[in-house]
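User: I'd like to go through some labels on this model. Tell me what backs each one.

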Amino acid sequence: MIPAPLIDLASEQLQSVNGMKNSKIVILLASEVMYFQRPHTDIKDEARIVESFIPEASFPPKLGFIELPYSQGPSFFTNLAIYHEIGHFVYEEISHTNSNQSIADLQSAQDQCLQTVFQKRWKKDPEALALAARIIENWTQEIFCDLFAIRLVGPAFSFALIEILGMLGFLSEKETVKFHPSHPSSACRFAEHVNMLRDDSWWDAIADVKANQKRILEDLAKLPRSKYRLYVDDKTTGPQGLITAFLDVVVPAIRKLVKSLTPDSHLAVKRFSSSRSNIQECLHAGVVPLTTPTSPDPVSIINAAFCLYLTSLPEIINRFEGDKARQNVEVHSWWTKRVEMWTMKAVEDSQIHRRFESTRALYDPL
Amino acid sequence: MILCKEEILRRMRKLKVSDPGNLVITPLIYGKESEVFDADSVDLRLGSHFLLPKSLDQPYFYPDRSSSSSLHVHVHVPLGQFLVVAAHQTILGATLEFIKLPVDVSGEVLTKSSVARTFIVVETAPWIHPQYRGCLTLEIANVSNTPVLLYPGRRICQLVLMEVSAPIQAAMEQGGDLTKSEATTKLDKNYFGPVYPEAPKFKNPEDDLLQIGVTRVLGLKRIRMYATKDGWQELDPDL
């Protein structure tokens with residue numbers, strides 16, 4: 001089973017990203033533990049081979065393949081991680097085709113970062129330079145994808161990532177400050193999440209959410225940079241200067257690029273603030289949030305539902321099953337699934353309404 | 001008394017969702033009210049999720065605890081696409097609309113007459129109890145001799161709502177709020193708030209029958225035989 005309404009929504013939002021019109025994504029259920037975006041340059045090569053012997057077959061020019069762990073198929077909140085993977089697809093696509101000035105700025109920021117670290121030594125050690133360039137590129141992509149996801153789906157993405165990393169045991173204090181060649185540290189990522197959420201006013205809109213996941217987010221974001229450590233492998237540490245240069249020079253360029261590609265979030269925050277209480281009231285009463293042609297929009301539904309799930313699930317259980325049931329893990333899991341299903345249904349309903357309204361005027365005379 | 005359109009709309013629009021008298025039908029998609037409302041009923045649409053019967057690996061269906069997960073395959077048919085129901089085939093679908101009945105209202109789901117005339121029969125267990133919430137699971141049977149295409153999103157059945165008299169209203173007055181009034185009726189968690197069609201959930205037959213004092217229950221057990229030098233022997237099914 002796949003979270004079809006979420007995938008529909010993400011595909012639709014992708015159309016609003018600059019340079020991504022007419023792009024499509026395909027979701028595959030895979031046996032991996034983590035979410036993954038298949039580099040689509042490989043897929044394009046394979047598509048060209050197929051096209052060569054089936055003349056009528058043509059693949060869409062912008063086609064992204066995202067793998068989702070089959071074990072997470074039916075869940076909703078953790079599957080918000082697909083927005084991060086869509087970010088990889090977008091990054092890959094725009095890096096090859098887009099003439100956006102912000103991309104050029106990002107690339108020169110990466111060069112500047114390497115120059116800062118290596119200065120004149122790069123001629124002596126080209127291998128180290130190449131490795132550092134690869135590391136910077138990997139970190140750039142990860143931060144880009146996180147911020148991209150936040151711009152499209154708000155703080156719900158940060159909460160989902162906290163849940164996933166928590167499940168995988170990556171939120172211990174020691175782990176969260178480790179930069180690896182493939183990923184920046186979780187603490188660094190979450191610090192950037194909080195910065196973006198603040199810039200977009202999401203942070204103020206969720207100021208009253210007293211959830212453990214939000215506390216973790218805050219605590220990690222507050223960790224001083226001096227605690228960050230680069231590990232080239234399990235035991236060997238790398239040059240600290242690479243982290244500093246990356247954060248000072250590259251990250252601001254990533255923020256600028258994400259903002260240039262994605263729609264402004266302030267309107268989404270306003271819509272969330274005005275519809276949140278109605279959405280949560282419905283879920284609290286054990287009902288799919290009510291949707292009309294005008295509101296609430298899917299992003300508000302997702303964020304309001306996630307906030308309710310993080311803060312008030314025990315209250316809902318208590319309301320329907322009594323106080324004792326709150327401690328029961330099986331009961332907790334059952335109600336989690338129900339809240340997720342109701343949220344998913346509301347997202348689907350909201351999109352049906354919107355499509356109906358947008359086509360109604362056009363086809364009414366028929 | 002059957003609820004008229006005005007009363008249905010009053011309960012949907014004027015009462016808060018937490019009010020025990022509130023009725024929820026969401027999403028209700030229409031340009032004009034007359035597209036989905038009759039004087040005494042609301043049309044409901046077919047949802048996008050289906051449970052299709054699996055070919056069983058045994059020559060009979062045994063309704064026990066494990067049967068809910070072994071009987072069907074879940075299929076999602078997006079709006080705009082269709083599902084072919086073969087002649088004489090039965091499937092489970094669900095309404096697109098999620099409903100929540102008030103504490104003092106029962107409902108009945110009936111096949112829309114135009115659909116019935118194609119020999120598609122919807123619902124053989126049409127009664128809905130007060131306070132039920134969820135998308136309604138529809139037992140859909142094609143009793144005609146030709147395959148029929150079902151399109152999710154099309155109107156397939158109609159919901160008729162009836163007010164329940166004294167006992168539940170008394171509970172409602174005593175309770176005052178949803179929490180208390182719900183505490184007076186049992187919460188059937190098996191079918192609470194589904195948004196997809198739900199497979200039937202059974203207890204094991206022996207557990208059900210024990211409740212009325214039956215202590216010996218015949219079962220049909222699949223056995224596996226293995227060859228030994230002394231001839232065929234039964235293999236422990238738990239191995």
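User: Where in chain A does F170(A) lie?

Analyst: In this predicted model, F170(A) sits in the loop that links α6 (155-167) to α7 (173-176).

User: Why is F170(A) called partly exposed?

Analyst: Its relative accessible area is 39%. Buried means under 20%, and exposed means over 50%. F170(A) falls in between, so it is partly exposed.

User: What makes the nonpolar surface patch?

Analyst: M34(A), M167(A), L168(A) and F170(A) make it, with an area of about 350 Å². Patch residues need over 30% relative accessible area. F170(A) has 39%.

User: How do you know whether the span of α6(A) is close to the expected one?

Analyst: α6(A) has 13 residues. At 1.5 Å a residue, 18 Å is expected. From first C-alpha to last, α6(A) reaches 19 Å, which is close. After α6(A) comes G169(A), with a positive phi near 75°.

User: Why is α6(A) called largely enclosed?

Analyst: Because 10 of its 13 residues are buried. Among them are F157(A), F159(A), L161(A) and I164(A). Their cover includes α3 (82-97), α5 (126-153), α8 (186-199) and α10 of chain A.

User: What makes the link between R215(A) and N212(A) a polar contact?

Analyst: The cut-off is 3.5 Å between N or O atoms. The two side chains meet it at 2.6 Å. R215(A) is found in helix α10 (residues 212-222).

User: Is R215(A) buried, exposed or partly exposed, and why?

Analyst: Partly exposed, because its relative accessible area is 43%. That is between the 20% and 50% limits.

Notes. Residues numbered from 1 in each chain as written. Chains lettered and ligands numbered in written order. Predicted model: local features only at pLDDT ≥ 70, side-chain atom pairs only at ≥ 80, totals over all residues. Heavy atoms only, no water. Helix = DSSP H or I, 4+ residues; strand = E, 2+ residues; numbered from the N terminus. Buried < 20%, exposed > 50% of the residue type's maximum accessible area, 1.4 Å probe, protein only. Polar contact = N/O pair within 3.5 Å; in protein donor to acceptor, adjacent residues only side chain to side chain. Patch = residues over 30% accessible without salt bridge, like charges linked within 9 Å, V, L, I, M, F, W, Y side chains within 5 Å. Areas by Shrake-Rupley, 256 points an atom, 1.4 Å probe, with all protein chains shown as cover. Salt bridge = Lys/Arg side-chain N within 4 Å of Asp/Glu carboxyl O. Expected span 1.5 Å × (residues − 1). Contact = heavy atoms within 4.5 Å.
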